[in-house]
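Q: Could you take a close look at one part of this structure with me? I would like to understand how one chain sits against its partners.

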Amino acid sequence: MSKVTLNDINVSYDGKTQILKGLNLEIGEGELVSLLGPSGCGKTTTLRVIAGFIIPSSGQLLVDTEEMTKVPVHKRNFGLVFQSYALFPHLSVYENVAFGLKLRKMDKNEMDRKIKEILEVCDLTEYAQRFPKQLSGGQRQRVALARALVIEPRLLLLDEPLSNLDAKLRLNMRVEIKRLQKKLGITTVFVTHDQEECFSISDKVAVMNGGVIEQFGTPEEIYSRPKTEFVARFIGFENFIKLRRKAAQTYVAEDGSVFAVEKDGGQEECLGTIRPDDIQIVSSNDTGSNTILAKVEVRTYLGKSYQYELSTPIGRLVVNDGSGNLVNAGETMRIMLPSTKIVLV
Amino acid sequence: MRKNKFLTFYACLVFGFLFLPLAIIAVTAFNTAPTISFPISGFTLKWFANVFATKSFLSGFQLSFMLAIVATLIALLVGVPAAYALSRNSVKGKKLLKSFFLSPTIIPGIVVGYSLYQFIVLKMKLPVMQGLLIGHFLVVLPYVIRVVGSALEQFDFSIEEMAWTLGCGKVKAFFKVVLPNISSGIVAAFMLAFINSFNNIPVSMFLSGPGVRTLPTALMNYIEYFYDPTVSAVSVLLMAATIVIMFVVEKTLGIGALTK
Amino acid sequence: MKKQSTILLIAPITILLVVVLILPLLAVLLPTVWEGGAVTLSRYLSFFQDPYYIKIFVRTLRIALICTLVCMILGIPTAYFISRVSKKWRGILMSIALFPMLTNSVIRAFAWINILGKNGIVNQILTALHVVDQPLSMLYTEFSVLIGTIYLFLPLMIITLVGVMENIDNDMMEAAESLGASRLLSFVKVILPMSIPGIITGSVLVFTGAMTAYTTPQLLGGPKNMLLSTLIYQRAMTLNDWTGASVVALVMIVTTLIVMKGLNFVADRLDKRGEN
C-alpha cells in the first residue's frame, strides 16, 4: 500500500496556458480517490502527471516518501486503465495480461500462475485465447483491469474507465472495481465526470475546476456541504440566494426576507444554496420561519416527481415535489427552505 | 507528444535525404558554370533561356500535356460509370471485375509499353499518337477506378434514392445528385492521373515515334547526349508546377487526397 | 439497378481493356510458350540456364530486396514520427514526402547523376577534403542503381505507413509504457506488430516497383548493370529479339505476382487478430 502526495504541481501547455495551477493533493494508503470535474478542469492532466506522461513544470510527486516526479513511465510500476482500454489488438487476452509480466523477467510457471489467477478474479478464464476484437465492451474493460492489476502496481490509475459502457454494465463494473480495489487494498485514483459514479465508488473526492482542487473530502461531505458555488452547482444545487449576515445563524435576502441557517460559516456576504429536492411545499396559511410565497411558472413531469419553476421575491427557484398534489402554472404556493438544508458558499 | 530527440533527428536525416537531391538540382539551374559544380560560380538564367530554345522540350511539353489531359478524360469517361455500377449494387463477381479494371497496375509499365508497341504499332500499324494515347489511358485508368471508387464508397446512396422518389430520372439523378457529391474524388483522380501520365516513361519510351516525344522521354534523350544545367532548369520549372498543383490540391481537397 | 444498365455501364471499359491490354499481352506472351502446335517451356528453361540472364535476374531481385529493406529501415521510424506530430505538421511533412513522388523519375535520377558522378558533389567534397586523390566511380554501379531506386520508392513506403500508423491510438504506446516497457520496447512490441498490414502493403508496392522500374536503372546503371526492365528494352528495341523480350516480360510478371501473393499470404498469417 502506498500513499501519494502532490505538492504544488504546475503544468502549462506551450508555456502559456496554465492547466494545473499549484495543485496539492494527498491520497492515503489504500484509498480510492476520485478526481471529479467538467471536461477541461485538469483532472486527466493530474492523472497523467501521476502516471508520468506529463512532467510538471514545477512541483513534486511523492509516493510514500519517494520522489517520483521525473521517473520514466515504465519504471513507475503504476497500473493504468484507459478510457479506450488500449488493449493490444495483435495479442490475445492471455498475452495482453502477460505483457507486463514478461517485461519483469519472471519465472514461466510463476507468471502463468499469476495470469490464471487474475483472469479468474476478473472472470475472464474462458476468454483467455480470444482477441480483443472478439470481446464485448465489458469484457474488454475487465481485460484492461486485469492487465493493469497483474503487475501488482503500487498505484492503480483509472481514466474514465466506465464511460464507454452502457448504463447497466457501468453499474456492475462500478461495484466490481470497488470490490477488487478493497480486496487488493491498492491505492487508486479514479478520474470521472459522472458525480453519481464518483460518489458511489470513492473514499474521497477531489472536485476540480480550472486547474485547482475546489474541494477535497468524503462523498458525504461534498454532497451535503459544498464549500464553493462551483462545487454546489456541479453536484446539483440549483437554487442560489444572495444573503447578508444579520446575526448568528440569521441571514437576510435582498428583499428583506429573513432565513435561519443552522450551519453559520460567519461570512458577511454569501450565497445560500439548496437542492430542489430539499425545498418543501407547505400549506398556504403557514407563515412560519424560512417560508416564502411563490408563483408557479412552469411545471414539468419528471417521472417520480414534478418539477416546478417558481418566481419568488428572492429570485427564481426550482422545486421538486413528489407528493402528487398538483399546482398549475400561474397559481401560487407557499414553500419552506429548511434551515438545516441551506448551505452557505 | 513527448518529444524523442533520437527519433526527431532520424526523421530529419530521412527528410534531408528526400529533399536535398532536388534542392541541389534547383541550385545548379542558376549556376553559370556549364557543368554542374559546387559552390556555384555565378547567377544566370541562361539555362532557362536554353530550355525555351530547345524545340524537343517545347513540343514534348505540349505533347505530354495534351496526352495527359485526353487520356485522363477518356479514363474518366469509361471509368466513372464502371466504378458507379460496381459500388451501386451487388454485381456478380464484383471483386473480380474491380481487380480486372485495376489490372494495368499489376502489369509492369515496361511490359505494357512493350506489348502495345508490338501489337498496336507493329501489327496494327496504328499512328504514333493513337498508340501513345492508348498507353497513357492504361497508365491512368487504375487511378480513376481506385479514387472514384473510394469516393463512391463514402457516398450515401439513400440520397440518390431520395432524388428518385422526388421524381428525378435515374440519369438525371446521377448528374444532379451523385456526381456533385463525388466531385472532389473525381478532381483528385484527375490530378493523380494527370501527374502520372505526365511523368510516365516506360510506356512512352516504346510508343514514341519519329519527332513525337513526350517531355520525359525528350529529357531522358537529352541527358544521354548532353550534360549541362538545361535539364536542371527544366526540372525547376516542372517542380514549380508540381508545387503549384500541390498547393491548389491542399487548399481545395487537402493533400491527403493524393495519398490514398 | 437493372442488370441491363449495369452491363451497359461496365461494357465500354471491359471491351477497351480486352482490346488494348489483354489482346496485346496475349499476342506477345502466347508465342513464348507455344511452338509447333504444342505448349513448351523450353524458352523459359533456356532463360534460366543462361548465366547472363540469371545474373540479371538475381541482380534485379537483389536490388529490389535491399531497396525494400532499406525503405523499411528508413521509412518505419520516419512514418511513426510523422504519425505522432500535430495535424498541421503532419500535413507539412506529408507534402515534403509526397513532393519527390510527384516529381518525374528522370529528374530524380538526374539528381543522383549530379551527386554521384565523377564531377559530382560527393567527389568534389571528398577531393576538397583530400579524402581521395582520384574521384571515385560511384555512378553506373549497382550501388548507384540501388540509391536511385531507394530514393524513388522511399516516399511510397512512408506514405503507406503513415496511413496505417496514424490510426494507432496514442493510448497503445502509453499502455505499454505503464506496464513497464521502455519507449523503444513499446514501439517494437506494440506499434510495430500493429503496423504489419501497412508494412506489408508498402513492401509489396516498393518491391514490385523496384523490380519493374525502368528509368532509374537505365540512367544510373549503364549497360553493365542491366536489370530485367532494361533488358526487355534492349532485347526489343536494340536487338529486335522479340521472343527474348517477351520471355523476360513474362518472367517479370510472374515474379512480381509471386512476391505479391507471397507477402500477402505472410501478412494474413501474421495478422492473427481474429475475426468477429
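Which side chains meet in a salt bridge between chain C and chain A?

A: Happy to walk you through that. This is a predicted model, where local features need pLDDT of at least 70 and side-chain atom pairs count only at pLDDT 80 or more, while totals for chains, interfaces and linings use all residues. Residues are numbered from 1 along each chain as its sequence is written, chains are lettered from A and ligands numbered from 1 in the order in which they are written, and side-chain values use heavy atoms, leaving out hydrogens and water.

The partners are C:Glu174 and A:Arg48, at 2.6 Å from N to O. A salt bridge here is a side-chain nitrogen of Lys or Arg within 4 Å of a carboxyl oxygen of Asp or Glu, and the rule finds one across the interface of chain A and chain C. Four residue pairs between these chains are in polar contact, both at pLDDT 80 or more (a pair of N or O atoms within 3.5 Å; within protein, one must be able to donate a hydrogen and the other to accept it, and residues adjacent in sequence count only if both atoms are side-chain atoms).

A:His74, A:His90 and A:Lys133 supply 27% of what chain A buries against chain C, more than any other three residues.

Chain B also meets chain C, with 78 residues of chain B in contact with 79 of chain C. About 7,200 Å² is buried between them, and carbon and sulfur atoms give 80% of that area. B:Phe15, B:Leu18 and B:Tyr114 supply 9% of the area that chain B buries against chain C, more than any other three residues. The count of salt bridges between chain B and chain C is zero, but seven residue pairs are in polar contact, both at pLDDT 80 or more. Helix H1 (residues 5–28) of chain B provides the largest share of the side that touches chain C, 13 residues.

Conventions. Buried area = accessible area lost by both parts, 1.4 Å probe. Contact = heavy atoms within 4.5 Å. Helix = DSSP H or I, 4+ residues; strand = E, 2+ residues; numbered from the N terminus.
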